[in-house]
Amino acid sequence: MPLTEVQKSVLRWREGGPALFAQEVLSAKPTEQQWDASRKIVERRRVSIRSGHGTGKSTFMAWCVLWFLACYFPAKVPATAPTSHQLEDVLWSEIAKWHRKMAETFPALAAQFEWSSGAFRMVSAKNESFAVARTSRPERPEALQGFHSDNILFLIDEASGVAENVFEVAEGALSTDGAFVVMAANPTRQSGYFFDSHNRMRSSWATMPLFA
């Protein structure tokens with residue numbers, strides 16, 4: 001049975017990654033580093049980004065959310081950071097911004113999703129396809145635990161500030177073949193899971209130099 005034009009587009013966006021999706025669906029203009037990160041998430045599925053402030057990293061992560069939920073089903077996107085500010089005021093506001101843009105450029109696709117504080121869900125499958133924000137704290141190591149889906153994307157922002165026990169609890173899920181992981185942080189610490197992803201665990205990660 002031949003593919004429809006919509007199915008062909010979804011396959012192209014899936015293979016092209018978040019940057020291609022952002023360019024064609026959101027009328028965005030990805031930077032070279034965003035294109036590079038996009039290629040790496042498709043090819044390697046585990047990307048660790050060294051990033052400062054104002055580098056386009058949060059925008060890229062927001063694109064990842066929209067891309068993943070539009071191109072995979074069912075799909076779940078647990079997003080975490082050490083502070084609620086980083087999740088709600090930064091990442092979730094970026095998701096809202098680009099969802100509004102999608103409503104202008106691809107209204108039929110945008111209508112399939114709804115944004116709320118701390119969650120972004122597919123309207124017709126709210127419990128099967130969604131992104132949720134969960135703050136990671138040492139006393140709450142289960143922030144990335146308990147998510148099961150055929151397709152799952154973990155987003156870990158300010159990863160150098162996420163406690164080690166959070167990664168230990170989530171390690172099994174992070175390491176499964178079907179999992180995508182995008183992790184980003186300012187490289188200020190010389191130890192921890194994020195540091196190790198650029199050093200002793202580097203063979204398991206597609207690493208990126210400082211986003212600029």
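Hi everyone, let me begin with Cys64, which counts as buried at 0% relative accessibility. Keep in mind that we are looking at a predicted model.

Cys71 is buried too, with a relative accessible area of 4%. As a reminder, a disulfide is a covalent bond between the sulfur atoms of two cysteines. For Cys64, the closest cysteine sulfur is the one in Cys71, and because 11 Å lies between the two sulfurs, they are too far apart for a bond. Looking from the other end, Cys71 has its closest cysteine sulfur in Cys64, again at 11 Å.

Next, please find His99, which sits in helix H4, residues 84-105. Is His99 buried or exposed? With a relative accessible area of 13%, His99 is buried. A polar atom of the His99 side chain lies 3.0 Å from the backbone oxygen of Ala110. Setting aside neighbours within four places in sequence, the residues in contact with His99 are Leu66, Ala110, Phe113, Glu114, Trp115 and Phe120.

My last stop is helix H6, residues 164-174, where Val166, Phe167, Ala170 and Leu174 are buried. These four cover an arc of only 85° around the axis, so they lie on the same side of H6. There is a general point behind this: an α-helix has 3.6 residues a turn, so residues three or four places apart point the same way.

How values were computed
Residues are numbered from 1 along each chain as its sequence is written. This is a predicted model: local features need pLDDT of at least 70, side-chain atom pairs count only at pLDDT 80 or more; totals for chains, interfaces and linings use all residues. Side-chain values use heavy atoms; hydrogens and water are left out. Buried means under 20% relative accessible area, exposed over 50%, partly exposed in between (1.4 Å probe, protein chains only). Helices (H or I, at least four residues) and strands (E, at least two) are DSSP runs, numbered from the N terminus. The arc is that of the directions from the helix axis to the C-beta atoms. A disulfide is a pair of cysteine sulfur atoms within 2.5 Å. A polar contact is a pair of N or O atoms within 3.5 Å; within protein, one must be able to donate a hydrogen and the other to accept it, and residues adjacent in sequence count only if both atoms are side-chain atoms. Contact means heavy atoms within 4.5 Å.
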